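User: I would like to go through how the labels given to this structure follow from the computed values. Please set each value against its cut-off before drawing a conclusion.

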Amino acid sequence: MQKLLTSLAGTAAAAVLLAGCAQVPPNAGENPSDPYERVNRNIYAFNDSIDRAVFRPVAETYVEWTPEWVRTRVSNVVDNLGDPGNAVNNTLQGKVDR
């Protein structure tokens with residue numbers, strides 16, 4: 001129990017000391033909790049405009065023109081592309097039965 005309390009106290013002390021290192025960079029936005037607000041807003045505006053102009057129409061056309069059975073098979077293929085990574089992860093975790 002003493003070890004646990006010592007460990008918790010050390011963790012709390014480290015958190016307090018590290019919080020003191022946080023600072024707002026110069027030329028930050030108006031909101032100090034998000035010092036990169038200006039950059040974030042510009043990136044969001046760019047991503048939103050590309051989504052509205054390109055990706056959304058392509059996705060809507062794909063859904064409208066492609067039969068559901070084809071979309072299901074494409075989705076299955078894309079899902080299967082992640083399986084090798086999952087297999088490695090499960091093996092490293094000792095979950096060899098998966």
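Analyst: Let me begin with the definition on which the accessibility labels rest: a residue is called buried when its relative accessible area is under 20%, exposed when that area is over 50%, and partly exposed in between. The model is predicted, and aspartate 48 has a relative accessibility of 23%; because this value lies in between the two cut-offs, aspartate 48 counts as partly exposed.

User: What makes the contact of arginine 52 with aspartate 48 a salt bridge?

Analyst: The definition asks for a side-chain nitrogen of Lys or Arg within 4 Å of a carboxyl oxygen of Asp or Glu. In the pair of arginine 52 and aspartate 48 the closest N and O atoms are 2.9 Å apart, and therefore the contact meets the rule. These two residues are 4 residues apart in helix H2, which means that about one helical turn separates them.

User: Why is arginine 52 called exposed?

Analyst: Arginine 52 has a relative accessibility of 53%, and the label exposed requires a value over 50%, so arginine 52 counts as exposed.

User: What makes aspartate 51 and arginine 56 a salt bridge, and why are they called partly exposed?

Analyst: The side chains of aspartate 51 and arginine 56 meet at 3.1 Å, N to O, and since the rule asks for within 4 Å, this contact also qualifies. Aspartate 51 has a relative accessibility of 25% and arginine 56 has 38%; the values lie between 20% and 50%, so the label is partly exposed.

User: How many salt bridges does the rule give, and what share of the chain counts as buried?

Analyst: By this rule the count is 3 salt bridges. Of the 98 residues of the chain, 3% count as buried, and the chain holds 4 helices and 0 strands.

Key:
Residues are numbered from 1 along each chain as its sequence is written. This is a predicted model: local features need pLDDT of at least 70, side-chain atom pairs count only at pLDDT 80 or more; totals for chains, interfaces and linings use all residues. Side-chain values use heavy atoms; hydrogens and water are left out. Buried means under 20% relative accessible area, exposed over 50%, partly exposed in between (1.4 Å probe, protein chains only).
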